[in-house]
Amino acid sequence: MEVIIVKGYDEVGKTAADIIATAMLHKPDLVVGLATGTTPISTYRELVRKHKEGGLDFSKVITFNLDEYLGLPMHHPQSYYTFMWEHLFKDVNINPENIHVPSGQILDHERFCQSYEGEIRRAGGVDVQLLGIGRDGHVGFNEPGSSLYSRTRLKTLTKETVEDNSRLFDNPHEVPRFAVTMGVGTILDARQVVLVASGKPKAQAIADAVEGPISSMCTASALQLHPEVTVVADEDAASLLKRREYYDWVRNNKRQIHEVIEKQIRERLRLDHKEWG
Ligand code: F6R
């Protein structure tokens with residue numbers, strides 16, 4: 001797990017967007033897992049900027065959103081479908097056929113969840129999964145106690161999450177109590193994961209996820225099992241990390257890896273040249 005600590009919220013977005021954009025340049029038909037909530041907004045803002053100013057191409061990109069509130073119609077102002085169109089899709093050249101957001105209006109949820117998993121598999125699996133993190137350490141809507149093997153399914157939200165989300169609803173009684181969410185197992189299947197976090201309220205969750213024991217009490221901690229995770233946190237969200245100095249040390253030294261490798265290659269070529277006379 002790599003931990004990148006940056007100054008503030010905007011830098012979190014820039015760093016995460018750089019990782020996603022780099023992956024898109026390597027694979028134009030990248031399959032991206034997307035998150036909603038306040039934190040990824042700066043990432044989407046930066047991706048839109050890269051599209052408008054640098055021509056970052058979304059035409060072949062395929063997206064799968066992590067979750068959706070149960071019971072909200074697709075075009076409800078607070079649905080995650082609406083959120084994604086507002087913050088990303090309307091401003092980039094994505095093909096609407098390549099967009100997948102779980103439906104919040106399903107009668108046969110088991111069947112729906114299985115078919116969502118099937119669609120991810122048919123697309124070749126998620127290449128890069130963007131995640132936020134809840135104050136209770138949830139990723140997607142995998143609340144504490146969720147199985148770390150879980151797949152896409154219906155979840156009851158905790159009181160804390162309902163309270164956190166109520167800020168976005170005019171009437172707090174309207175906040176949905178249930179959501180369809182990719183499971184922890186679904187998330188762990190992604191080839192690469194980028195988790196973004198900002199602000200003091202996320203500090204304990206980030207400390208538990210990165211340095212705590214792997215536990216279903218903080219589902220983000222399951223990311224410790226994944227070989228390719230980058231946590232991008234601002235100073236406030238990173239403030240309870242005990243190994244902060246090491247993360248900065250790794251980051252600063254990483255810049256030198258290419259120099260060391262190049263030096264080795266040059267040395268090898270020099271020796272080969274000598275051997276051949
Ligand atoms: C939503 C999602 C959630 C949020 C989390 C943090 O798609 O995946 O896990 O990322 O609740 O939300 P914010 O960023 O609003 O604090």
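How many residues does helix 1 have, and how far does helix 1 reach from its first C-alpha to its last? Helix 1, residues 9-26, has 18 residues and reaches 26 Å, close to the 26 Å expected at 1.5 Å a residue; the expected span is 1.5 Å times one less than the number of residues.

Hello everyone, and a word on the ground rules. This is a predicted model, where local features need pLDDT of at least 70, side-chain atom pairs count only at pLDDT 80 or more, and totals for chains, interfaces and linings use all residues. Residues are numbered from 1 along each chain as its sequence is written, and side-chain values use heavy atoms, with hydrogens and water left out. Helices (H or I, at least four residues) and strands (E, at least two) are DSSP runs, numbered from the N terminus.

Let's stay with helix 1. Its buried residues include Val 12, Ala 16, Ile 20 and Met 24. Buried means under 20% relative accessible area, exposed over 50%, and partly exposed in between, with a 1.4 Å probe and protein chains only. Those buried residues of helix 1 pack against strand 1, helix 2 (41-54), strand 6 (128-131), strand 9 and strand 10.

Now the cores. A nonpolar core here is a set of buried Ala, Val, Leu, Ile, Met, Phe, Trp, Tyr and Cys residues joined through side-chain atoms within 4.5 Å. The largest one has 37 residues, and Leu 131, Ile 133, Leu 195, Ile 206 and Leu 241 touch the most other members. Among the elements that each supply at least two residues of this core are helix 4 (109-122), strand 9 (192-197) and helix 7 (203-211). Apart from this core lies another, of 34 residues, among them Ile 20, Val 32, Leu 47 and Phe 83.

What is Ile 206 in contact with, leaving aside its neighbours within four places in sequence? The list is Ile 133, Leu 195, Ala 197, Glu 211, Val 231, Ala 237 and Leu 241, where contact means heavy atoms within 4.5 Å. Ile 206 is one of the buried residues of helix 7, and what covers them includes strand 1, strand 9, strand 10 and helix 8 (244-254).

On to a helix pair. The axes of helix 2 and helix 3 (residues 80-87) come within 10 Å and cross at roughly 40°, which makes helix 2 oblique to helix 3. Ile 41, Tyr 44 and Val 48 of helix 2 meet Phe 83, Met 84 and His 87 of helix 3 in this contact.

Finally, please look at the open sheet of 3 strands, with the order 4-8-7 and antiparallel pairing. Its edge strands are strand 4 (67-69) and strand 7 (153-156), each pairing on one side only. Two strands pair if DSSP finds at least two bridges between them, and 4 bridges join strand 7 to strand 8 (residues 178-181).

Is Phe 178 buried or partly exposed? At 39% relative accessibility, Phe 178 counts as partly exposed. Phe 178 is 110 residues from Glu 68 in sequence, yet their C-alpha atoms are 8.9 Å apart. Beyond residues up to four places away in sequence, Phe 178 touches Tyr 69, Leu 70, Lys 155, Thr 156 and Leu 157.

Thr 181 is also found in strand 8, but at 0% relative accessibility Thr 181 counts as buried. Outside four places in sequence, the contacts of Thr 181 include Leu 66, Asp 67, Phe 141 and Arg 153.

Technical notes. Axes are lines fitted to C-alpha atoms, for helices over the stretch in contact, and angles run from 0 to 180 degrees between N-to-C directions. Angles under 35 degrees count as roughly parallel, over 145 as roughly antiparallel, 65 to 115 as roughly perpendicular and the rest as oblique.
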